[in-house]
Amino acid sequence: MIVYENNKKWFLDDVSNGLMVRKIEEMFEKHGIRKESQAEKNSWINSLARMGIILSDSRISDDVDVAVEFQIPLTSKRVDFMIAGKNDVSDNVVVIELKQWEKVEKVANEMLHSVRAFTGGAVRMVSHPSYQAYSYAVFIRNSSEQVQDNDINIIPCAYLHNYDEKYLSELDDEIYKDWYNEAPFFIKNQV
């Protein structure tokens, strides 16, 4: 299930006109999904506005498809943002994990896919955003006949649009290399 789906042009119109939260909430209600917290709504406002800035680049075709809050089948996981389009060779879907974090802390070497970040009102151990995006992409590749039958490329990445570059060494530490090589991450100065 996809909570919001449109092409780039209409997505940018909805972001510009402040309609995204209302449209997402309406779809959650339509599908009987629990109400989201104010913090979740604020993250949509902030993160989707940042994605609007990225997608307003004229090098990105107006007819690419945009999806917000894609529920991965058979899981409780939701992909924050997806962009689907075609290049000269293939169909492609970019899976983007959006984070509002300003910094993370590396955890011990035995936790090669986790970081500590302030989320949900406290510092918590959570998945590295590259690992999270990578795991979503793998699950989609492995569970979707449409992706397999049509040889659709699933390209994962993470965008930490508030991340302070002075903490970059925590995020790109060597212990996370496998994940960010598979799913690169971008921070606020890498639009």
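Here is a short chat about a predicted model of one protein chain.

Me: Okay, new to this one. How many helices and strands does the chain have?
Reply: The predicted chain has 7 helices and 9 strands.

Me: And how compact is the chain for its length?
Reply: Its radius of gyration is 16 Å, close to the 16 Å the globule rule gives for 191 residues, so the chain is as compact as a globular protein of that length. The C-alpha atoms fill a box of roughly 40 × 40 × 35 Å along the principal axes.

Me: What share of the residues is buried?
Reply: Buried residues make up 40% of the 191 in the chain.

Me: Let's zoom in. Is strand 8 largely enclosed or open?
Reply: Largely enclosed by the rest of the structure, because 6 of its 8 residues are buried. Strand 8 covers residues 153-160.

Me: Which strands does strand 8 pair with?
Reply: Strand 4, residues 91-99, pairs with strand 8 in the parallel sense over 8 bridges. Strand 9, residues 185-187, also pairs with strand 8 in the parallel sense, over 3 bridges.

Me: Switching topic: how many charged side chains, positive and negative?
Reply: There are 22 positive and 31 negative side chains, and the centres of the two sets lie 5 Å apart.

Me: Last one, what about the surface?
Reply: The accessible surface comes to about 10700 Å², with 48% of that belonging to carbon and sulfur atoms.

Conventions
Residues are numbered from 1 along each chain as its sequence is written. This is a predicted model: local features need pLDDT of at least 70, side-chain atom pairs count only at pLDDT 80 or more; totals for chains, interfaces and linings use all residues. Side-chain values use heavy atoms; hydrogens and water are left out. Helices (H or I, at least four residues) and strands (E, at least two) are DSSP runs, numbered from the N terminus. The radius of gyration is taken over C-alpha atoms; the globule rule is 2.2 Å times the number of residues to the power 0.38. Buried means under 20% relative accessible area, exposed over 50%, partly exposed in between (1.4 Å probe, protein chains only). Accessible areas come from the Shrake-Rupley method with a 1.4 Å probe; for residues, only the protein chains shown count as cover. Lys and Arg count as positive and Asp and Glu as negative; His and the chain ends are not counted. The place of a charge is taken as NZ of Lys, CZ of Arg, CG of Asp or CD of Glu. Two strands pair if DSSP finds at least two bridges between them.
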